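Here is a short note to read alongside the structure. Take the points one at a time, and keep the 3D view open as you go.

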Amino acid sequence: MKDEAFQAQIAAARAYENLFVAGLFQEWAPRVIDFAQIQPGHRVLDVGCGTGILARETVQRIGPTGFVAGLDLNPGMLAVAEQLAPTLEWRQGKAESIPFPDQSFDRVVSQFSLMFFSDRHQAIREMLRVLKPHGRLAVAVWDSLANNPAYACEVGLLERVAGKSAADALRAPFVLGDRNPVVSLFEQAGTDSVTIMTQPGSARFPSIRTMVEADLRGWLPVMDVVLAEAQIQQILSEAEADLNPFIKVDRSIQFETSAHIVTGVKPH
Ligand SMILES: C[S@@+](CC[C@H](N)C(=O)[O-])C[C@H]1O[C@@H](n2cnc3c(N)ncnc32)[C@H](O)[C@@H]1O
């Protein structure tokens with residue numbers, strides 16, 4: 001990759017860590033770890049680790065005899081992960097072909113990444129391959145948009161001002177919201193004892209503008225949607241009214257979220 005493109009990826013990953021991890025993703029890491037039943041001494045893989053929040057939290061639980069590795073496709077995410085936690089193992093690669101041998105891990109965890117894998121069935125098969133027999137996996141995915149109302153509002157705004165492709169880019173994180181198909185996906189890939197627990201969460205961003213601008217300038221281009229500056233400005237000005245129910249007295253924006261945590265076991 002050209003140095004300029006790599007530097008742009010690192011800048012995007014830093015913004016992701018500062019805004020999205022802090023405001024939205026961080027609180028889920030301890031929960032995923034609890035559902036995975038991670039214990040001191042375990043070898044753990046975080047698939048689609050991004051800037052590494054789940055791997056960093058895992059280190060607190062596994063102690064000095066454990067081992068944690070983070071896997072992600074995006075070199076910029078991994079560069080920031082490495083800056084934040086240089087002693088952990090960070091690998092670039094695809095969830096669909098995990099670069100570790102069979103039966104390398106006691107636990108495989110993943111949060112808010114499965115929806116973006118190009119072949120989800122194959123990714124789960126790979127998670128099972130690298131697990132030891134009876135090893136456990138825990139995977140978090142967002143609940144449906146209907147149960148994440150602030151994002152439903154923002155999707156409506158994008159559809160109104162910028163059209164379907166822009167709205168679909170923001171719908172993408174919520175495509176695994178229906179519980180039954182998600183359970184089937186894990187079972188069909190060969191997972192035993194699949195459970196799914198729907199959990200409430202809460203998100204917080206410094207202002208509506210910060211949140212919506214990050215989605216428009218940071219997230220939509222990742223999904224190949226680049227809006228004209230005039231559209232961005234129109235969405236930002238209309239967002240104040242549309243997202244008004246979620247504004248607090250200090251002008252920050254806070255809202256309830258909902259996600260599923262799926263667990264399962266590798267058959268013997
Ligand atoms: C929304 S982020 C979640 C990151 C992290 N788990 C967190 O909680 O902050 C989704 C991540 O999945 C990664 N990703 C997407 N497709 C992938 C694939 N096929 N294999 C590995 N990682 C992938 C992206 O690069 C991105 O870092």
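Predicted model: local features only at pLDDT ≥ 70, side-chain atom pairs only at ≥ 80, totals over all residues.

1. To find the meeting place on screen, pick out F6, Q9, I10, A12, A13, R14 and E17 in α1. Facing them in α4 are P75, G76, M77, A79 and V80.

2. Now turn to a second pair, α6 (residues 149-162) and α7 (residues 164-171). Their axes also come within 7 Å, with a crossing at roughly 160°. An angle over 145 degrees counts as roughly antiparallel, so that is how α6 runs relative to α7. The crossing of α6 and α7 is right-handed.

3. Which residues make the contact of α6 with α7? From α6 come Y151, E154, V155, L158, E159 and A162, while α7 brings K164, A166, A167, L170 and R171. Sorted by class, the residues of this contact are seven nonpolar and four charged, with no polar ones.

4. Next, have a look at the ligand. There are 20 residues around it, and those that come nearest are G48, G50, N74, A95 and S113. Two elements, α1 and α3 (53-62), each give two or more residues to this shell. The shell has eleven nonpolar, six polar and three charged residues.

5. Finally, step back to the whole chain, which is divided into two domains. Domain 1 is made of the pieces 1-142, 176-202 and 258-268, and domain 2 of 144-174 and 207-251. The centres of the two domains, taken over C-alpha atoms, are separated by 26 Å.

6. How many residues does each domain give to the contact? Domain 1 gives ten residues, and domain 2 gives ten residues. On the side of domain 1 that touches domain 2, the largest share, four residues, comes from α1. That side of domain 1 divides into seven nonpolar residues, two polar and one charged.

Note on methods
Residues numbered from 1 in each chain as written. Contact = placed C-beta atoms within 7 Å. Near = placed C-beta within 6 Å. Nonpolar A, V, L, I, M, F, W, Y, C, P; charged D, E, K, R; others polar. Domains from an automatic or database assignment. Axes fitted to C-alpha atoms, helices over the stretch in contact; angles between N-to-C directions. Parallel < 35°, antiparallel > 145°, perpendicular 65-115°, else oblique. Left-handed = near helix turned anticlockwise from the far one by under 90°.
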